[in-house]
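Please open the model in a viewer and keep the selection panel at hand.

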Amino acid sequence: MVLLESFLSSNLMQFWNFTGFANCQWGNIIMLCVGLFFIYLAIKHDFEPMLLVPIGFGILIGNIPFQPGNEIGIYEEGSVLNILYQGVRQGWYPPLIFLGIGAMTDFSALLANPKLMLVGAAAQFGIFGAYMLALALGFMPDQAGAIAIIGGADGPTAIFLSGKLAPNLMGAIAVCAYSYMALVPVIQPPVMRLLTTKKERLIRMKPARKVSQNEKILFPIFGLILTCFFVPSGLPLLGMLFFGNLLRESGVTTRLAKTASNAMTDIVTIILGMTVGASTQASEFLTKETIFIFFLGFCAFVVATMSGVLFVKLFNLILPAGKKLNPLIGNAGVSAVPMAARISNDQGFKYDPSNYLLMHAMGPNVAGVIGSAVAAGVLLGFLG
Amino acid sequence: MATFLFNTRLTMNRKGIIITIFVAVFTLSSFAQGRKDLRFNEVMTQNDSNLVDQYGQHQPWFEIFNPTYGTVGMEQMFIANRRIDLSNIGDQKPKDFLNDFAVKHPDVCYEIPRGDKDTKVAPRSHVVFFADGNTAAGSLHISFKLQAGREDSLFLYDVNGDLVDVLAVPANLPANCTYALIEDGISCLSNGNFAPKFWTVRNGANDDSAITPGKFNKRVVNENIEKFHKHDSTGGIITVTAMGIVFSALLLLFILFYLFGLANKATQKETNEMPAALADIPATDAKPAGDQPDEAIAAICLALYQHLNAHDSESGILTFNRDDQTAWSSKANLMRQLPIRK
């Protein structure tokens, strides 16, 4: 009887040591709360639910305490999570997401008014502003580059670049990028109001011209050649983006475009979001660097918005009277598609309920996608 | 008949072009990076107190570096200690000749055996061979010895007999010293001959002359990061340069599509002006199809358009094209099962 009791108690003790309760630390509790907060934001407030639900749940998965050695954790070689995580580490998922983005993006708004491309370029100053700040905070150039790309407001690009330049910071950078993308409606409007006058916010832009099918087909081809000749290191992202767009616009590969933009993107988004969330294990995530990264990410978003709006104002100085741009579309130069364009429209509505800025803002918005991919390629070329 | 022949020739030509392109692409890609890039990297002929093999023995060794970004399998490549003349082998294939030669003269030539994962060299990695003449010890132990005090050479041949790399080891190489490339993977073949200017003797006295079997001869540092850290500590230079590049790329796109836009506008004015209002649409004599009223047909067209999400040449215009394809030309028709007479 005593032997049985001893046997049972030792087994129970061993089992207890394997449970999450025995291995739990404060870091795990904090991260579980962060995960729950993300899920709450997504479900209750509809903040980027497609991203925050997988990331939030991934954070829960990644922070369940366990005893290492059983091929369970995302950082344990051979575990299921580790295998899925390789797509993030090796940079497979971001180009696939870009393929889907290309297949679902209509570049007509940009092609109808190609000067909006320059607004998309100007907003990339957020990236380099954050780069300078990161250097000032003591990060090495490669780490600073990886953090700065958060200013592009483009999750896949941030994951792609940080995976190459600073893999140890990737979890924090990815979560930061997606969090701020979800918070674009909170961050951008005050900056936009601060930098514009009421008169400027009332500027009405001419309806865009019609874009021919030929232009739509030529855009991905010439876009790829021109941008990648400048920045070959951006090829994985830009190549897939323009390829996806050609599938969409060619008119003869509708089935492929549909698959790329729906099923494939959904699958990759689910796996990418979940694994990025799971990579934020408390021991890796709760560090001083993470706090800096969140601070720098916030600054990057603010600087990107400012530079987009200010560039439009500057541009208006040289544009003739009937062709002036509404500076409220400047914020859309960050590539949070279509959230940033929607914010331009909402802000425009507040001052003139009949001023529809959405399609005008889509121009710089999609230009921002190209611009941030080019910027990532430049950083990779310089620091990779 | 002539037309048929012409069409057949055209089809054949097209097939030929496609096959040529495929062959060219695959051939070029296979030559892009691989076995031909492997390089001798470091060698030690008298090893008294340096690297030991898996049996704890000190043996002469040499190192081969894979400078490519893909894994390179070395199986069936040949390592020889003298140049093998392949010009007078008659009809025999170089591979077969080298094969026979390696069997007959193991003291001169060694064929790397198949199926050993140790002979697969990872990207930007090194593999160390022991030149001890003891092939029973494993695939990385070659069939001939390197001996101290004499001028020795090493020749690396590809499976098809192409010379990949050459190394001439000086006779006066001191004991426990290596003869190593100054920088890993530099090509030191000059017209098929060894070029000693890239090589140096290392004695392990300090970091710069360290003996590094299986490791890089020159410490790998990301020079870009060091450079930017040192010369651009505020990030100003990279910011200005990078923004310049981003702007240039998008400016070029802007100019190009601005010009396309102008051309498109001109074409649209000529050929495809939209009617200002429905009243402007000229009345036609065309009768409505069947008994359906115009509104019903318009509604069906709209529903079909919405359902198919079809892209038309212009937004707001729906074009119906006649399907001129027959069973002779349409793939869809050809794949359909034909009705069976009962």
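Predicted model: local features only at pLDDT ≥ 70, side-chain atom pairs only at ≥ 80, totals over all residues.

Residues are numbered from 1 along each chain as its sequence is written, chains are lettered from A and ligands numbered from 1 in the order in which they are written, and side-chain values use heavy atoms, with hydrogens and water left out.

**The largest pocket**

Select Glu48(A), Leu51(A), Met104(A), Val337(A) and Pro338(A), which lie nearest the centre of the largest pocket among its 36 lining residues. A pocket here is an open set of points on a 1 Å grid over the protein atoms alone, where a 1.4 Å probe fits, with protein on both sides within 12 Å along at least five of seven lines; lining residues have an atom within 4 Å of a point. The space in the largest pocket is about 1000 Å³, a volume being the space filled by probe spheres set on the points. Its lining comprises 23 nonpolar, six polar and seven charged residues. In this classification Ala, Val, Leu, Ile, Met, Phe, Trp, Tyr, Cys and Pro are nonpolar, Asp, Glu, Lys and Arg are charged, and the others, Gly among them, are polar.

**The second largest pocket**

Next, select Ala112(A), Asn113(A), Lys115(A), Lys323(A) and Lys265(B), the closest to the centre of the second largest pocket out of 26 lining residues. This pocket holds about 750 Å³ of space. Helix H4 (236-271) of chain B gives two or more residues to the lining; its five residues are the largest share. Helices are DSSP runs (H or I, at least four residues), numbered from the N terminus.

**H3 and H4 of chain A**

Now display residues 26-45, helix H3 of chain A, with H4(A): their axes come within 8 Å and cross at roughly 160 degrees. Axes are lines fitted to C-alpha atoms over the stretch in contact, with angles from 0 to 180 degrees between N-to-C directions. H3(A) is therefore roughly antiparallel to H4(A) (angles over 145 degrees). The contact (heavy atoms within 4.5 Å) includes Phe38(A) of H3(A) and Phe57(A) of H4(A). It has 16 nonpolar, two polar and no charged residues.

**H12 and H19 of chain A**

Finally, select H12(A) and residues 288-316, helix H19 of chain A, whose axes are 10 Å apart at an angle of about 40 degrees. Among the residues that meet are Tyr180(A) in H12(A) and Phe301(A) in H19(A).

Definitions and conventions: Parallel < 35°, antiparallel > 145°, perpendicular 65-115°, else oblique.
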